Structure formats: structure tokens, C-alpha cells
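Reader: I am new to this structure and would be grateful for a close look at one part of it.

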Amino acid sequence: MTCLLIAEHDNTQLNPATLHALTAAIELGGEIDLLIMGDQCQAVAKAAAKFAVRTVLVADSSNYQHQLAEPCAALIASLAKNYLHIVAAATTTGKNLLPRVAALLDVGMVSEVLAIEYPDTFRRPIYAGNAIATVQALDDIKLLTVRTSAFSSADAGEHSADIQQLAAIEYSTRSHFVSEQLSQSARPELTAARVVISGGRGLGSKENFALLAQLADKLNAAIGATRAAVDAGFAANDMQVGQTGKIVAPELYIAVGLSGAIQHLAGMKESKVIVAINKDADAAIFEVADYGLVADLFEVLPELEKLL
Amino acid sequence: MKVLVTIKRVIDYHVKIRVKADESAVELNNVKMAANPFCEIALEEAVRMKEAGWVSEIIAVSIGPVVAQEQLRTALALGADRALLISTEQTAISTEQTASSTDQTIEPLNVAKILAKLVEREQPQLVLLGKQSIDTDNNQVGQMLAGLLNWPQATFASQLTLEGELLTVTREIDGGLQTLACTLPAVVTTDLRLNQPRYASLPNIMKAKQKPLEILPISELAVVLKQHSQQLKVMAPAKRKAGIKVKDAAELVDKLKHDAKVIP
């Protein structure tokens, strides 16, 4: 029983998401080959060889520089017959790539795996985590993306896996990389942050919304917003947490001046610890909060900032 | 050029989900249904492309029960030129085991195969889909369709521009934005920030009643569908334990430091 784990990286460093996916691959119980597709990415291969994998497969070619779905899916499909499982982290890269591989192989795929019950049976969230489905994959090759927050990060050990170079396969694509703008914010990315502070319509204005920034700076937190706050123009679209926004599961989620609409809860209720601050004691957010503070947020925020 | 847009009928996103007592599925009876929000964004983009003069015809497609006509009529009112419903109800009768939840269990690869067949029939230059549906949350169909057709794909699109045959797409990726250029035909899946869908006006709703809506049973498409997975169970997520109310900010900080240990 062998598993092909798809590495995510920037040609220099392995993305931590891959190490969470590695833990899931280990749980599947077989030997693991790690596939690195990139351009001048030998440093990534060297680092990856320290983990508990059998072989690090490296396809080093300008074809794979930006890990576009078209050439990468073709390469993975060409290797697939040797494997029982093909696994990637459920990042935007993994989600972009693996379904295309599935179609090339004429097999199904299981997205955002939360737990492995058997090597062919998995738990995954549906309806933005408002229900959990148990799914059995019936194809010979099982393709999975795994939710990184559901699996811990694998540690590097004293391993030294074999590194094997693969030839790039011929592939002509009609899709080309143009540019990339990675956000330069000092704040962590919303879906990867350890602490998230989210504001709702209760903040009242865009200017007041900025009050969250000082607290976020102290806690090295990302800032989120409800759909209502986004619609009201208090916050940017990409800050939206909810069923149609981003799904987050940080260690600490601080909900400020938001009611806890179903749509919003769907995006954050997997957070480990939830704090709610709202002056309306009947707000639905208190039903999911570990710690609720019924108070005026404009008084509480400065106090919290002082205390932290 | 012609654009194909997919519209899925799902539970309205404001509705609280209930899992059936026998843990077989989510309760769909007497629940408010709506078009998948990401599909609405795809349709809006197609309409804007038509308004910009890039697109000559928008075909809205749904694969689902006969009642999904409602969502297609709305799509027509919003600017689609014609609609096509691939009815899944016959399969409900032939495979009784999954009869209760058939329209939810047409697996992504099978949806992609049906769409590939329609692409062959309609010859669109662009297929626009939502990045995922908010019921099954698979996020697979667009990528699978692109793979089956061997077309370029651009997922999580937040900006689209077209110059001749060259489509430039800005994608939302973890930690930022990526811009791709691909030549048509292509598959694009839409993210939240691509646009803000409009509402249908009453005159347009009236006009939509006259627009063509074709219903085609799946069986007439001559596409071979295979079962790739089986849903064994659907559970409600673990309930969070009831929390406590704290009296002030100081107590909150104390609890977070000493009980929850989530801040230093």
C-alpha cells in the first residue's frame, strides 16, 4: 500500500501545509513517496528527505515553476498507477490540482478530509461544517485533499529518504503564469492564523473597524469580518469569514460586535476557543462561545488592549 | 462567443442545516432552496461579459431535479439567453437505494462528464462555474471538466478580462493573488470577490417566462456514469460545550491565559 503525497512549495521551502498532509498520509498506513514538482527546487527536496517518507521524487523543470494545474496533473496521472492513495493538502494549490488529476484517471476524489476511519473511508465536512459526512471511496486509486487544521504537523526526523529525479513529461499548455502578488501584510493570513479577531456590524463604521487592528497587533492575529460588515463597507471582501467567505479554525477566535448569523458560524465554529463580545445578551454567538462577555465593545476593546 | 454557466439548486445559505434522525442525509424537505451563491457570481460575470460585448449568448445549465427550473428561470431573468435542465429524476427511480437524496449524490466527476457532453453539443468558448457548491463543498467540478476537455483552467477567479482569444484571470490563492493568461476555450471557476450579483427586476422576470428552457433527461445524453464513492453516514458536528459568561475584560484575559491557555 503506497501513497503519493504532493508537496507544496515555493521552489525554496516546503509549505507547512504539506507537513500536515504528511501526518494524514502516515495515518493511511503505507509507505509514502513525496512528489516535488518545481523549478530549481533541489533545496526543497533536500529538506523533504528528512521526513518519514520512502522516496522524494523530484520533477525539476521550468514546466513546473508555478505548479500550474495542467502540467502537474499530467505528471501525477502518469505516476498514479503505482499508488493506492494520492494525497495533497486542501490548500488553493491542492484544490486546483487534484480534481484535474482525478478526471484524467477517471476516478472520484474526496475533498477536505477531516479524519481517516479506514484507508478507504473518510470523514469530511459538508454544508460548511454544519454536517459531517462519512464517505467510502470505491475506486482503485483514492485521491484526497486533507484539511490541514485537522491533522498535526509531522516533525522532521533523522531520516534520509532517497531522492529520485524524474524527467519532465512533454506537455503543451494554453495556460501561462503572468504574475503573483503575495500580500505583504505583517499580519498572518486569515486561514492560517493562530488567532483571529472578527468584527461585525456592531462596530458601526469603517473607522471603528480599525479599532480591531491594535488588538490584532498585540495578539499577532488576523482580522476577519462578517458578511454584514463587508456589505456595509466596514471591511474588505477578502476578510469575510463564513459559509460563502473563508472557513477558519484558529486556536482563538474573538468575535466582536457580531450576532452570530448561521452563515458566519459556519465559517468559524471549528475554532478551538471562541470568545464573544456583544452588548446583546441574546445574540446567537453566545451559544457557541466558550467565553462570553456581555458589554459595550467600545469600552472593552481599549481595556483588553491594556491588559494584553 | 458562447458561454455556458452552471446553476445548482442548493439549500439557501441562511437556512440552518438539520441532519436527519437516521443520519442518512441532511433534511431537504420543506427547506428553502436557492441558487448556489458561487453560481450566481458566475452568471453575473457572464452577464457583464455580454454587456461588455464579449459574449453573444449565455446558456444556463442545471443538473438536478425538475424543480431546479425555478433557479434556471431566475438565471433567465438575470440575463441568461436560454436554459437547459438535465433532469436527474429518472435515476431516482432506477436506483431506489439513493432515491431520497439523488440530486445531492450526482458525484462531481459525473457532473463534469455531463457538462463535457454539453460542451460537445453547444460548443461554448468558455464555461463559468462557481468554485464550489455550498451543500457538498467539493470544489471539484470545474477542474474535472477542464481535465476531461483538456482545456486550460483558472479556479478561484476574482477578476476576468478578455482580449481577443486571450483570457486573463486573477486568482485568489492562499496568501495573495495570482494572474494567469489562457487562450480560449477555457474553464473558469468563480470566487466570492469576482463581482456582486444583481437582483432580477420585475419586467425581466416577466420576460424570462418567454425564454427557452429545455428539459433533458440524463438518459438522453448517452453519457456513461459510474459510482465512485458512497456516502455511508451524515452526522451533526460535535456540539460545542456550553461556555461561560465572564464579568469583565480582566476576567476574560485571566481565563484565556490560565484556563484556555491560548494567550501567553
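Which residue is the bridge partner of A:R123 in β8(A)?

Author: The bridge partner of A:R123 in β8(A) is A:T134. This is a predicted model, in which local features need pLDDT of at least 70 and side-chain atom pairs count only at pLDDT 80 or more, while totals for chains, interfaces and linings use all residues. Residues are numbered from 1 along each chain as its sequence is written, chains are lettered from A and ligands numbered from 1 in the order in which they are written, and side-chain values use heavy atoms, with hydrogens and water left out.

Strands here are DSSP runs (E, at least two residues), numbered from the N terminus, and two of them pair if DSSP finds at least two bridges between them. Strand β7 (residues 121–126) of chain A runs antiparallel to strand β8 (residues 131–137) of chain A, and six bridges join them. Both belong to an open, antiparallel sheet of four strands, ordered β6(A)-β7(A)-β8(A)-β12(B). At its edges stand β6 (115–118) of chain A and β12 (229–235) of chain B; each has a single partner strand, so one side of each lacks a neighbour in the sheet. From one strand to the next, the twist averages 30°, with axes fitted as lines to C-alpha atoms and angles running from 0 to 180 degrees between N-to-C directions.

The two chains also pair elsewhere: strand β11 (residues 175–182) of chain A and strand β9 (residues 176–183) of chain B are antiparallel over seven bridges. There, A:L182 stands opposite B:G176.
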